[in-house]
Amino acid sequence: MIQVIPETNKSAAHWTRLFARPGPIHVDLGCGDGLHLAALGAQYPEKNFLGIERLLHRARSAVRKTSHLENIGVLRADTSFVVRHLFPAESIQAFYLLFPDPWPKRRHHRRRIVTSEFLMDLAQALAPSGSLFVATDHSEYFERILQLATESNLFCVADQPPDWEFPKSTFEQRFRDAGIPIHRLELRKVSPVTKALASQDPSRNRISTAPVSS
């Protein structure tokens, strides 16, 4: 396991050297206690995973849970800052945004992490056809994320089976045990060619399928 406190070096090689061997980098945005991150690392040993967590006690928990895995790094930092300033363009294969704080009161919506600017930063960091996986129990926030992604013309919604083949996070298991529906989708980065075609024919940018709830 690598506990990552990187210098401000926006180069793909810098991030790749943090892991035991080269491979695509997946990033868990707000990895919490590290349960989902550790399970991902064990399930996909050919990939490298970086967990970002702002809160110290959660970051320490993530370090403990992933200490036996060489394809995982943990970075204690602000998620938005890292995405905007530390990832080179087209360097990340996938982002996971699982159960972000919905800030349900209208006056607090400005604190939500998903904004048009945040989606733009994610798209810049994603490799061609890279994915952003989103899960939340908050239906209004889910619809807002979907709206922002659609309006951005940077993503399309990918077809998804009823259940992702991903391990469950602590939050997801808690919500499932309580019988709370989970809303999920995969947003796939749109290529410049597809964006150009969509600008000529808006119907090409339509959503491919309805998001999944479980």
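This is a predicted model: local features need pLDDT of at least 70, side-chain atom pairs count only at pLDDT 80 or more; totals for chains, interfaces and linings use all residues.
Figure 1. K189 forms a salt bridge with E90, in which the closest N and O atoms are 4.0 Å apart. Because K189 belongs to strand β8 (residues 183-189) whereas E90 sits in the loop between α4 and β5, the pair ties together parts of the chain that are 99 residues apart in sequence.

Figure 2. Most residues other than glycine have a negative phi. E90, although not a glycine, has a positive phi of about 60 degrees, and E90 is placed in the loop between α4 and β5. F99 likewise is a residue other than glycine with a positive phi, here near 55 degrees, and F99 is found in the loop between β5 and α5. Are these two residues buried or exposed, or do they fall in between? E90 counts as partly exposed at 47% relative accessibility, while F99, at 10% relative accessibility, counts as buried.

Figure 3. D121 is buried, with a relative accessible area of 13%, whereas R84 counts as partly exposed at 40% relative accessibility.

Figure 4. R188 forms a salt bridge with E186, and their closest N and O atoms are 2.9 Å apart. Within this pair, R188 is partly exposed with a relative accessible area of 32%, while E186 is buried with a relative accessible area of 4%. How far apart in space are T150 and L187, C-alpha to C-alpha? The separation is 9.4 Å, although T150 and L187 are 37 residues apart in sequence. T150 lies in helix α6 (residues 139-152) and counts as partly exposed, at 31% relative accessibility.

Figure 5. V27 is found in strand β2 and counts as buried because its relative accessibility is 0%, against a cut-off of under 20%. Which residues are in contact with V27, once its neighbours within four places in sequence are left aside? The contacts of V27 are L50, I52, F87, I92, A94, F95 and Y96. A further pair that may be followed in this view is V27 and V83, which are 56 residues apart along the chain and whose C-alpha atoms are separated by 9.7 Å.

**Figure 6. The buried residues of helix α2.** In helix α2 (residues 35-43), the residues H36, L37, A38, L40 and G41 are buried. An α-helix has 3.6 residues a turn, so residues three or four places apart point the same way. The buried residues of α2 pack against strands β2 (25-29), β3 (48-53), β4 (72-76) and β5 (92-98), and also against helix α3.

**Figure 7. A patch of positive charge on the surface.** R54, R58, R60, R64, K65, R76 and R174 gather in a surface patch of positive charge. Which helix gives the most to this patch? Helix α3 (residues 56-66) does, with 4 residues. R58 has its place in helix α3 and counts as partly exposed, at 31% relative accessibility.

**Figure 8. The protein chain as a whole, as a setting for the close-up views.** The secondary structure of the chain comes to 8 helices and 9 strands, and buried residues make up 46% of its 214 residues. Among contacts between residues at least 6 apart in sequence, 77% join residues at least 24 apart. The accessible surface of the chain comes to about 10900 Å², and 52% of that surface belongs to carbon and sulfur atoms.

Terms used:
Residues are numbered from 1 along each chain as its sequence is written. Side-chain values use heavy atoms; hydrogens and water are left out. Patches are made of residues with over 30% relative accessible area and no salt bridge: like charges are joined within 9 Å, nonpolar side chains (Val, Leu, Ile, Met, Phe, Trp, Tyr) within 5 Å. Accessible areas come from the Shrake-Rupley method with a 1.4 Å probe; for residues, only the protein chains shown count as cover. A salt bridge is a side-chain nitrogen of Lys or Arg within 4 Å of a carboxyl oxygen of Asp or Glu. Lys and Arg count as positive and Asp and Glu as negative; His and the chain ends are not counted. The place of a charge is taken as NZ of Lys, CZ of Arg, CG of Asp or CD of Glu. Helices (H or I, at least four residues) and strands (E, at least two) are DSSP runs, numbered from the N terminus. Buried means under 20% relative accessible area, exposed over 50%, partly exposed in between (1.4 Å probe, protein chains only). Contact means heavy atoms within 4.5 Å.
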